[in-house]
Amino acid sequence: MNIISKRIMQSALISSLIILTACKTTENTTSAMIDTKEHFLIGTYTKESSKGVYKVTLDPATQSFINTGVIATAENPSYLALSKNQSTLFAATGSKSGSVDRLTWNNELGQYSLAQQMKNLGQGTCHISLNPQETQIAIANYGSGDVHLFNIDTKTQELSKSGYFKNSGKGPSWRQEKPHMHFVTWDNVGKFLYAVDLGTDEVKVFNSNDKTFTPAVAAKLPAGDGPRHMIFHPKKPWAYVVNELSNTVAVFTQNEVTGKLTQIQHVDIAKGRGDKNISSAIKISNDGQYLYAAVRGINEIAVLKINDDGKVKFIQSHTTLGNWPRDITLSANQDHLLIANQNSNTVTVLKRDVKTGLLTSTDMKLDISIPSYIGVFK
């Protein structure tokens, strides 16, 4: 091999090394630039130091959990519903009389600003829900035991009243002296709206095609159950109701034609530990394999495995690391469970094993005055 050939080979080798080094550097830089942060909205009661809705940021890479401040100013935004593009935020608000705030994103302020407020909607507005088509919202009033439906103008996002229903009846518990609508939600396709009444042990169902907004009884639960929240399986016609007074989870199959619910299981999630415990929120993993239900009093999260037939198996109880878990949510990556602890004024974080569904403690915690809602904010 002559000198020229050797130099050509050396040059080629050096070029290859430079390219490989550049690629490796780019790969490392790209990896370092991957953002692992996850964001959440916290709704609160504002009777103490809170100013409204807060944005918090969780960074699993650094194990940091930061309150970035108020993202929407409102009176008692106890529960929230967010549009898919996050441009519009709907909040169940008010104090003595219920109201709904429609807030829109303000780029200049980097916050949501009030665009519309619907007032005098009853007493104790405790829940709000947005349908999958983003054409309607509904609210549940605990104090006055009624449900309000609103249409959303697809161009202006303006709200207009569309339906109203006030329930009647009562249950055997002193907490069930009258109707207490506690939750509203649509099924996955938006055909049926469901309203959960703690006071009458009922789940009502409204057909979206019925313009009279007249409900049927979707399910009648055992007397004294005090149903609070419900959630649908992401892939199957199954529904899960957490009962506040009996500390149980009721499992239902849904008739996709009529919207009626048939109970197939009733599971204790507090293991019979006294009547001072009252269950609150229930959430399901994106893969439809695990349920998580919060129990106030014992301050624990019940973890249930969902079987192939929709029934559940209790597999774990884990401390909430706080007092009075009013709401919970799974992170977008499904690897953390966040808890709004109302009485300890904290938001805590549990690590979640995405394969087994089991929870473990972390040291990540924030102090926030009277948190009542927590949801993913992308």
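Tutor: The largest cavity holds about 70 Å³ of space. A cavity is a set of points, on a 1 Å grid over the protein atoms alone, where a 1.4 Å probe fits but cannot get out; lining residues have an atom within 4 Å of a point. Grid points are joined across faces, edges and corners, and a volume is the space filled by probe spheres set on the points. Please note that this is a predicted model, in which local features need pLDDT of at least 70 and side-chain atom pairs count only at pLDDT 80 or more, while totals for chains, interfaces and linings use all residues. Residues are numbered from 1 along each chain as its sequence is written, and side-chain values use heavy atoms, with hydrogens and water left out.

Student: How many cavities of 30 Å³ or more are there?

Tutor: The count comes to one cavity of 30 Å³ or more.

Student: And which residues line the largest cavity?

Tutor: Its lining includes Tyr45, Cys126, His182, Arg228, Arg326 and Asp327. Strands β16 and β24 each supply at least two of the lining residues; strands (E, at least two residues) are DSSP runs numbered from the N terminus.

Student: What is the volume of the largest pocket?

Tutor: The largest pocket has a volume of about 1,500 Å³. A pocket is an open set of points with protein on both sides within 12 Å along at least five of seven lines. This pocket is lined by 42 residues, and Leu82, Leu130, Ile231, Lys283 and Tyr373 lie nearest its centre. Among the elements that give two or more residues to the lining are β4 (79-82), β8 (125-130), β20 (278-284) and β28.

Student: Since you mention β20, is Ser279 buried or exposed?

Tutor: Ser279, which lies in strand β20, counts as buried at 0% relative accessibility. Buried means under 20% relative accessible area, exposed over 50% and partly exposed in between, with a 1.4 Å probe and protein chains only. Ser279 is in contact (heavy atoms within 4.5 Å) with residues including Arg228, Glu244 and Arg296, leaving aside neighbours within four places in sequence.

Student: New topic: how many residues does the largest nonpolar core have?

Tutor: That core has 25 residues, and Phe90, Val100, Ile128, Ile137, Phe150 and Leu159 have the most contacts inside it. Strand β5 (residues 88-94) gives the largest share, four residues. A nonpolar core is a set of buried Ala, Val, Leu, Ile, Met, Phe, Trp, Tyr and Cys residues joined through side-chain atoms within 4.5 Å. A second, separate core of 18 residues includes Trp238 and Ile282.

Student: How many aromatic pairs does the structure hold?

Tutor: It holds seven. Rings of Phe, Tyr and Trp (its six-membered ring) pair if their centres lie within 6.5 Å; planes under 30 degrees apart count as stacked, over 60 as edge-to-face and the rest as tilted.

Student: Why is the pair of Trp105 and Tyr112 edge-to-face?

Tutor: Their planes stand at 75 degrees, with the ring centres 4.9 Å apart, so the pair is edge-to-face. Trp105 is partly exposed at 33% relative accessible area, whereas Tyr112 is buried at 3%. Tyr112 also pairs edge-to-face with Phe377, at 6.4 Å centre to centre and 70 degrees between the planes. Tyr112 lies in strand β7 (residues 111-118) and Phe377 in strand β28 (residues 371-377), so this pair ties together parts that are 265 residues apart in sequence. Trp105, Tyr112 and Phe377 form one aromatic cluster.
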